Amino acid sequence: MNLFSPLSQRSLTLRNRIAVAPMCQYSADEGVPNQWHFVHLGSRAVGGAALVISEATAVEARGRISPADTGLWNEVQAQAWAPITHFIREAGAVAGVQLAHAGRKASVAAPWNGGKPVAPADGGWRPVVAPSALAFDAGSIEPQAMSLADIDALVEAFVAAARRALDAGFELAEIHGAHGYLLHEFLSPLSNRRDDDYGGSFDNRIRLLRRVIAAVRGVWPDRLPLWLRISATDWAADGGWDLEQSCALVEAIRGDGVDLIDVSSGGMLPKAEIPVGPGFQTPFAAEIRRRCGVATGAVGLITAPAQADHIVRTGQADVVLLARELLRDPYWPRRAAAELRQKIEAPLQYQRAW
């Protein structure tokens, strides 16, 4: 097994082990993707990645991180995604969608505009919702704690978005349970202070995520893979979500139809001390894979072809997901193939270009 070995999951076969990680582009209008998204995602498919995953795509309007995020809460958005997924498939890659809800970190400006809360008069919205009425940071919007009716509606929003994703041509769905967004907020005791069936004990804190997984799997065809992104740790000094709970979660969902755990970290605390460095999150993917016997994806400062190949060859992860490196070089997979003396299979209509 190496970086350029195919990976089969259910009826899909990825041509190699390189995936484009979800990267917010802050370029949509009312959740509708446009030519920017076509070029951004399509160029990475042409560049040789096996899987191209959309940015965090909101399942409802108030689930966006910023007013310029993409969504799948209506048919106009689904129709706009269709030509993008069609092109990705024609270029030999699989189109994946990350279904997401920002929770208490919603309604903020793009990072280059400061990332501060956006008022309703400027295109933002209120309320933002969370498991508990705890703001992310000083100066952040104080969220509204979700009612049981809100929770039921959220599950249905994930289901409706998954159906639209299928209609739009996506062939792999990933549920976003990481980076301090809503589903992660329910998991972590730092953000979940509820005293009902969705808070307190470990089983209660994972209840909503399990409901979402089961509901999405119920409408996502058996022939297509379902992935889950988690933050393996909050990087909290005390009391947060951690690797032990991540492993327990993976064991709990073993029979729920998730095909791969996409292992990231952080996002829960505004000022966490994180030992950032090349491949700094890969050990989490490796440990979850080793202890739980599940397929994992590694992400986080994976930049060199030999580094990515080593991760796969040594069984630390089944897939590597690249983000910033693929922003810098959309053709990184083809350069990596040449460096590692491997080959990327391309559809016949594009062979001449290589």
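Cys292 is buried, with 4% relative accessibility; buried means under 20% relative accessible area, exposed over 50%, and partly exposed in between (1.4 Å probe, protein chains only). Cys292 takes part in no disulfide. Its nearest cysteine sulfur belongs to Cys247, 4.3 Å away. A disulfide is a pair of cysteine sulfur atoms within 2.5 Å. Across the whole structure, the search finds zero disulfides. Cys24 counts as partly exposed, at 24% relative accessibility.

This is a predicted model, in which local features need pLDDT of at least 70, side-chain atom pairs count only at pLDDT 80 or more, and totals for chains, interfaces and linings use all residues. Residues are numbered from 1 along each chain as its sequence is written, and side-chain values use heavy atoms, with hydrogens and water left out.

**Helix 9**

Helix 9 spans residues 305-313. Helices (H or I, at least four residues) and strands (E, at least two) are DSSP runs, numbered from the N terminus. The buried residues here are Pro305, Gln307, Ala308, Asp309, Ile311 and Val312. They pack against two helices, helix 8 (282-292) and helix 11 (332-339). They also pack against strand 11 (296-299) and strand 12 (319-322). Contact means heavy atoms within 4.5 Å. Gly315 follows helix 9, and its phi is positive, near 75°.

**Cavities**

On a 1 Å grid over the protein atoms alone, a cavity is a set of points where a 1.4 Å probe fits but cannot get out; lining residues have an atom within 4 Å of a point. Grid points are joined across faces, edges and corners, and a volume is the space filled by probe spheres set on the points. The count comes to two cavities of 30 Å³ or more.

| Cavity | Volume | Lining by class |
|---|---|---|
| Largest cavity | about 50 Å³ | six nonpolar, four polar, two charged residues |
| Second largest cavity | about 30 Å³ | six nonpolar, one polar, no charged residues |

For these classes, Ala, Val, Leu, Ile, Met, Phe, Trp, Tyr, Cys and Pro count as nonpolar, Asp, Glu, Lys and Arg as charged, and the others, Gly among them, as polar.

Which element gives the largest share of the lining of the largest cavity? Strand 4 (residues 51-58) does, with three residues. The lining includes Ala56, Thr57 and Ala58. Arg64, Asp69, His101, His176 and Tyr181 are also among the lining residues.

The second largest cavity is lined by Leu7, Gln9, Leu12, Leu14, Leu172, Pro225 and Trp227.

Methods
1 Å grid on protein atoms, 1.4 Å probe; cavity = no way out; pocket = protein on both sides within 12 Å on 5 of 7 lines; lining within 4 Å.
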